[in-house]
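Hello,

Here is the structure to be handed over.

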Amino acid sequence: MDIPSKYDALKAENHWYDYWMEHDYFSSTPDEREPYTIVIPPPNVTGVLHMGHMLNVTIQDVLTRRARLMGKNACWVPGMDHASIATEAKVVAKLKAQGIDKADLTREEFLKHAWDWTDEYGGVILGQLKKLGASCDWDCTKFTMDDDMYKSVIKVFVDLFNKGLIYRGHRMVNWDPEAQTTLSDEEVIYEEKQGLLYYLSYPIEGSDERVTIATTRPETILGDTAICINPNDERYHHLRGKKVIVPISGRVIPIIEDEYVDIEFGTGCLKITPAHDINDKVLGEKHGLETIDIFNADATLNSFGLHYEGKDRFVVRKEITKELEEKGFLVKKENYVNKVGTSERTKAVIEPRLSDQWFLKMEDLVKPAIKAVLETEEVKFFPKKFENTYRHWMENIRDWNISRQLWWGQQIPAFYFGDGQEDFVVAETAVEALKLAQEKSGNANLTEADLRQDEDALDTWFSSWLWPISVFNGILEPDNKEINYYYPTNDLVTGPDIIFFWVARMIISGYEYRDERPFKNVYFTGLVRDKQRRKMSKSLGNSPDALKLIEDYGADGVRVGLLLSSAAGNDLMFDEDLCQQGKNFANKIWNGFRLLKGWEIADLPQPEASRLGIEWYRAKFNKTLVEIEDHFSKYRISDALMAIYKLVWDDYSSWLLEIIKPDYQKPIDRTTYEAVIVLFEQNLKLLHPFMPFLTEEVWQHITERTPEDALVISKWPKVEKVDEALIESFDVAAEVVSGVRNIRKEKNIPMKESLELMVLNEGNFAKTWDVVIEKLTNVGEVAYVDATVEGALSFRVKSNEYFVPMSGAIDVEAEIKKIEEELKYTNGFLKSVQKKLSNERFVNNAPEKVITIERQKQADAEAKIETLEKSLASLK
């Protein structure tokens, strides 16, 4: 076959992905093989490929392709999440641009727009994953709003409600005024922000005296219903039983006493606003206070906001501060660093709000999930350090607010049949709900028209927590063939930022609905950051276009670039140069293959050097394979790639190909050629999970292959016995080759000029590798001597000293001067190390590792000085 002079990544990627799809290599159905199952962390339906996705998906693809090569029935399930808040926000914005207000639409009308949006913009990311080489079973693609997925969520809600685990409660919740929905505690990000502490004075009723409080939110005074003092605070004993007048509103509110008040903070007096602070709500309930909500859903002020009605809370903060100052109520302002809760999705500042919401009791549900990770290790985390984060979340868990004031999502299956919110039933369908409502109300004349389904949708995570089960229809059909074969899944690859949102909740649902773990191993990737350690984001403009990277460097180049810098659980410092390194590696493999295929083959005796080289490389390959298997067992994917990289770049390309290369314009013997092709194919198998396109392209160029012989479904190499002695002896020979090459380089002696090499053999050193040394260094037959050779340059390897006679080849005077300068420098370096090691304070306080390094420096310097002095003596 004609092999192009350059590797065309784009052409290869398009061709081989189509080929793989055409021959159905990625699809999976249950059979007698061991299953390997992985479910994709479903990206948002409206998402596009970014660096985090590329890292995550590359790792999943490496694991899946390797499992396939190992003979397992690999099933990688792709899919998307409906992302209720993000998607609804985009649909609302699109409608707004068209002059349509969501409030003017019925739920059905809005959902039609949402589905139109999803059909138009959704799923783009799945196509982009194919560009990266993702070997998902695309026939299994799932969407959290698919009919069966939707029904699974509803069935689980009804089941948990019937178990008494879901309840409706009037609670203080996290309110996102931009998305106009509640959020769970985990969806709120707390950020330290520089703000102000406002000291406000409240007149005491019937007195000229005032009491001063400190607040970060002066706009909320319009919702104050009490001032609280600590009963142990002697400063305020005289205020017991009195009342104060709220500035601006003029309302009279009581002074109450509670030990909750911190005497040391602010003034020791606390304003109580039960509608807008969780702690104030608790105090309000305890003391029977009125609750005044001053905000609308969009965080503008309502009629309780008086003349500020309709204005945004932050605008009011500025304006009311000015009014308080003008009217003499503002005592002072101080700079104050405050933790402010913001919405993970919209970045809006969260507003605590009293609301009727649906909650899931978590206290008992989490117990099997805590045990599985922290006690029995049925589910293992890589890196293990993330168990601490998991423990913190799970041991401090609160009931999960699962309702959202949105329409895009699974509608809560609660049906109201009375005038208020108290009379309701929960059922999977309206037909079932009607029967329950008739029974509960005792009114057999109720019709479906009398039922009102709850307007809220469920939290997006309430669908994705079922993902490993529901993608195999394990909720609706708990004993079907797929769920019994593929579940529990093997590996989950995700980011530590959703350890609680998703990972923990999937483990909880796994034990609740299958009574077993959802996956065996969780591999946490790091975050992708730029060279300045900043998190990549659109706003910073530091996130490269993922598809442009693939276009510039090839998918394999990008995959290698990402993985070479990505140790498990540690953040990745992304640098485009890494992708260039990946591209260079692809070119190295391609050029090495072209070199191999360019040699003429003849039926000749096999040279001893070639026989030795092949025997050594087999041993080195097996040793590296053992390392790779160990890395994979510990989910050190980056280390596994680096081991293969070094094997192919250094051992195969730089050593083996040089050892077996025939003389100029001479053929290679058939025995060597065929053996090296086999070894090269083994390399390609190891590389395939990391560089699928390049390896398949080369594999198919080696010889004619049928679809059954494609690399994607070939067999992963088996570990054979490792000949350590052979590897060690070659390492010595390689050092000798490097020593001679260094002399050639330093003295500018061309390779075509033959040299002599003599060995002062002080130990039992086998001469096995002499033929390889002679070939790689162009020296005559290696000579063994029993005394130092005069007029020669020398170097040491282990216990042997090697001499390269230099008569006539160099300027002796210049060489003497150069050695003397190097000797002077090395002596100075040795003295500095000895000085450090003679310092008792340093030796006693420095870590043992540091001391060991310094002692090794001393030994290396002493050995170098000895060699330099001998070289100098031989030249004088």
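How many residues in the lining of the second largest pocket are nonpolar, polar and charged? By class, that lining has eight nonpolar, four polar and seven charged residues (nonpolar: Ala, Val, Leu, Ile, Met, Phe, Trp, Tyr, Cys and Pro; charged: Asp, Glu, Lys and Arg; polar: the others, Gly among them).

This is a predicted model, in which local features need pLDDT of at least 70 and side-chain atom pairs pLDDT 80 or more, while totals for chains, interfaces and linings use all residues. Residues are numbered from 1 along each chain as its sequence is written, and side-chain values use heavy atoms, without hydrogens and water.

The pocket is lined by 19 residues, and Y36, K72, D491, N521 and Y635 lie nearest its centre. Elements giving two or more residues to this lining include α2 (51-69), β22 (489-494) and α19 (608-633). The volume is about 420 Å³. (A pocket is an open set of points on a 1 Å grid over the protein atoms alone, where a 1.4 Å probe fits, with protein on both sides within 12 Å along at least five of seven lines; lining residues have an atom within 4 Å of a point. Points are joined across faces, edges and corners, and the volume is the space filled by probe spheres set on them. Helices, H or I of at least four residues, and strands, E of at least two, are DSSP runs numbered from the N terminus.)

The open sheet has four strands in the order β29-β28-β31-β30, with mixed pairing (at least two DSSP bridges between two strands). β28 (758-760) and β29 pair in the parallel sense over three bridges; M758 has A783 of β29 as its bridge partner.

Regards
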